[in-house]
Amino acid sequence: TSVLYTGEVLPAEVADLVEKISKLDDSSTGFIAQVNELTNAYAALSVEQQALVFNVMALQAAEAKAKAYSEQIDSLSLAITSLTKELSFETLKEQAITVRTTYDESPKVVQAGVENYEHLVAFEAYIVETEKAMAAAQAVTDLIEGLDLEAATFIDDVAKAKAKYGALTEQ
């Protein structure tokens, strides 16, 4: 039981709420859910009981922070959803880098709230695979452009280029 400076003992549900508010940790991945739970518990109290919650301002500050975190989650989730193969490859890559940086710099509570994170990871893998394929294609292009009609190895060089091109098209 908690005792006010006036000597008055707080009702159990008020004391429990006051204690939980004082233990809120805005770095916890469950912060938003905790704030929602405590806000609902506060709302369920009578007006007289609410008046005894002396740290209600801490709850209100937590509500504002939880709202800001929720907005960050929504914004980040939307940015991830906007990653699509319909974008040019360079635009997709730039946007994926921006989204990844934003995600990595976000608080853990925001990261935990992003439900489509796997979509970002999938596009990052797609970008890596596409870059590998582009590098392989460029290597074949360079090989073809480097063919020398006058070289004694021209026929072998063409065969090598043709084999590398064939390996590319099989992928």
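**Entry 1: α5 and α7.** I started with how α5 lies against helix α7 (residues 117-145), keeping in mind that this is a predicted model. The angle comes out at about 135°, and the axes are 10 Å apart. Angles over 145 degrees would count as roughly antiparallel, so I put α5 and α7 down as oblique to each other. Their crossing is left-handed.

Next I looked up who touches whom. From α5 I noted Phe89, Leu92, Lys93, Ala96, Val99, Arg100 and Tyr103. On the α7 side I found Tyr117, Leu120, Val121, Phe123, Glu124, Tyr126, Ile127, Thr130, Glu131 and Met134. Sorted by class, the residues of this contact are 12 nonpolar, 1 polar and 4 charged.

**Entry 2: α4 and α5.** Then I turned to helix α4 (residues 56-81) and its packing with α5 (residues 89-105). Here I got an angle of about 155°, again with the axes 10 Å apart. That is over 145 degrees, so α4 and α5 are roughly antiparallel to each other. I logged a left-handed crossing for α4 and α5.

Leu76, Ala79 and Ile80 of α4 meet Val99, Thr102 and Tyr103 of α5. I counted 5 nonpolar residues and 1 polar one in this contact, with no charged residues.

**Entry 3: α2 and α4.** What is the angle between α2 and α4? I found about 135°, with their axes 9 Å apart. That makes this pair oblique, and α2 passes α4 in a left-handed crossing.

From α2, the contact takes in Phe31, Ile32, Val35, Leu38, Thr39 and Tyr42. From α4 I wrote down Val56, Leu59, Ala62, Glu63, Lys65, Ala66, Tyr69, Ser70 and Ile73. The tally for α2 with α4 is 11 nonpolar, 2 polar and 2 charged.

**Entry 4: α4 on its own.** I went back to α4 and checked its length. It has 26 residues and reaches 37 Å from first C-alpha to last, close to the 38 Å expected at 1.5 Å a residue.

Which residues of α4 are buried? I found Val56, Leu59, Ala62, Ala66, Tyr69, Ile73, Leu76, Ser77 and Ile80. A helix has 3.6 residues a turn, so residues three or four places apart point the same way. As for neighbours, the buried residues of α4 pack against α1 (12-22), α2 (31-44), α5, α6 (108-113) and α7.

Definitions and conventions: Residues are numbered from 1 along each chain as its sequence is written. This is a predicted model: local features need pLDDT of at least 70, side-chain atom pairs count only at pLDDT 80 or more; totals for chains, interfaces and linings use all residues. Side-chain values use heavy atoms; hydrogens and water are left out. Axes are lines fitted to C-alpha atoms, for helices over the stretch in contact, and angles run from 0 to 180 degrees between N-to-C directions. Helices (H or I, at least four residues) and strands (E, at least two) are DSSP runs, numbered from the N terminus. Angles under 35 degrees count as roughly parallel, over 145 as roughly antiparallel, 65 to 115 as roughly perpendicular and the rest as oblique. A crossing is left-handed if the near helix is turned anticlockwise from the far one by less than a right angle, and right-handed if clockwise. Contact means heavy atoms within 4.5 Å. Ala, Val, Leu, Ile, Met, Phe, Trp, Tyr, Cys and Pro count as nonpolar, Asp, Glu, Lys and Arg as charged, and the others, Gly among them, as polar. The expected span of a helix is 1.5 Å times one less than its number of residues. Buried means under 20% relative accessible area, exposed over 50%, partly exposed in between (1.4 Å probe, protein chains only).
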